[in-house]
Amino acid sequence: MSPLLGIVCVALYLATASSTEYGAGDTLHTRADQVTVPPPQGIRFGGNGYVVLSKGNFRPATSSAIRFKFRTVSPDGLMFLMGQGSDFFSIEMKEGKVVARYDLGSGPAMLSSSQNTQQNFNDGSWHSLYMNRIRLDGILKIDDTTVASGRSTGNMRTLEIDNEIYIGGFYAQHGYKLVTQKAFEGCIKDVVFGQTPRDINEYLESWDVEQGCPEV
Ligand SMILES: [Ca+2]
């Protein structure tokens with residue numbers, strides 16, 4: 001295409017666009033509105049990485065409520081991990097199911113979505129996850145439906161954690177034998193610790209991640 005023909009084509013395109021897609025004088029207004037759309041939230045995990053968030057004002061010793069949305073086509077991968085010593089709390093994809101585990105220091109609890117549904121959640125769609133434990137008792141909801149509940153064993157009642165909370169993987173091999181070592185591949189957004197929404201892009205450290213989750 002010659003440069004001149006290119007200019008003519010652009011001019012024709014603009015004329016067509018302005019006459020069919022916008023009313024007279026609307027174009028600048030429309031573009032100004034688009035500028036105010038917030039940047040994409042969430043993070044895309046490449047499958048070999050992780051994000052570290054500080055616990056901030058999150059105090060999960062007695063009650064640890066976690067929310068986030070996830071999207072993946074991978075059947076296995078670590079989505080969430082926090083802990084200290086033998087205390088931990090984890091959420092992972094396992095063969096397409098969602099599995100949460102915690103140990104308060106005297107024995108583990110395991111909650112699998114397979115308890116109440118045979119649905120596989122690695123279907124490429126967004127799913128909202130809510131997990132809470134109060135003392136020994138845990139409950140796991142996906143897409144606002146309770147999929148599992150459980151209770152840890154022993155007499156320990158509180159969860160101790162370090163400042164670093166891992167999303168999507170861990171920086172090395174972790175020591176929690178029941179928890180997957182495989183990193184998550186997919187997207188996570190809208191993270192809430194307790195009652196506090198957290199921007200997953202405001203991390204202490206990350207590896208193999210990209211900001212934003214494209215809609216396709
Ligand atoms: Ca404990």
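Visitor: What is the mean pLDDT of the chain?

Guide: The structure is a predicted model, in which local features need pLDDT of at least 70 and side-chain atom pairs count only at pLDDT 80 or more, while totals for chains, interfaces and linings use all residues. Residues are numbered from 1 along each chain as its sequence is written. pLDDT is the predictor's confidence in each residue, from 0 to 100. A value of 70 or more is reached by 81% of the residues, and the mean pLDDT of the chain is 87.

Visitor: How many strands does the chain have?

Guide: Helices (H or I, at least four residues) and strands (E, at least two) are DSSP runs, numbered from the N terminus. By that assignment the chain has two helices, and its strands number 13.

Visitor: How many residues does the largest nonpolar core have?

Guide: A residue is buried if 20 or more other C-beta atoms lie within 10 Å of its own, exposed if 12 or fewer, and partly exposed in between, with C-beta atoms placed from the backbone. A nonpolar core is a set of buried Ala, Val, Leu, Ile, Met, Phe, Trp, Tyr and Cys residues joined through C-beta atoms within 7 Å. Met 79, Leu 81, Val 98, Ile 167 and Ile 188 have the most contacts inside the largest core. The number of residues in that core is 47.

Visitor: Is Asp 87 buried or exposed?

Guide: Asp 87 belongs to strand S4, residues 87–94, and its contacts beyond four places in sequence include Asp 103, Leu 104 and Ile 161. The C-alpha atoms of Asp 87 and Ile 161 are 7.1 Å apart, although 74 residues separate the two in sequence. Because Asp 87 has 20 C-beta neighbours inside 10 Å, it counts as buried.

Visitor: Which residue in S12 is the bridge partner of Val 191?

Guide: S11 and strand S12 (residues 196–198) run antiparallel and are joined by three bridges. Two residues lie between the strands of this hairpin, where Gly 194 takes a positive phi near 60°. The partner of Val 191 in S12 is Arg 198.

Visitor: Is Asp 144 buried or exposed?

Guide: Asp 144 sits in the loop between strand S8 (137–142) and strand S9 (145–151). Its phi is positive, near 70°, in a residue other than glycine. Since Asp 144 has 7 C-beta neighbours inside 10 Å, it counts as exposed.

Visitor: What is the phi of Asp 208?

Guide: Asp 208 lies in strand S13, residues 205–211. Asp 208 counts as partly exposed because it has 16 C-beta neighbours inside 10 Å. Although Asp 208 is not a glycine, its phi is positive, at about 55°.

Technical notes
Two residues are in contact if their C-beta atoms, placed from the backbone, lie within 7 Å. Two strands pair if DSSP finds at least two bridges between them.
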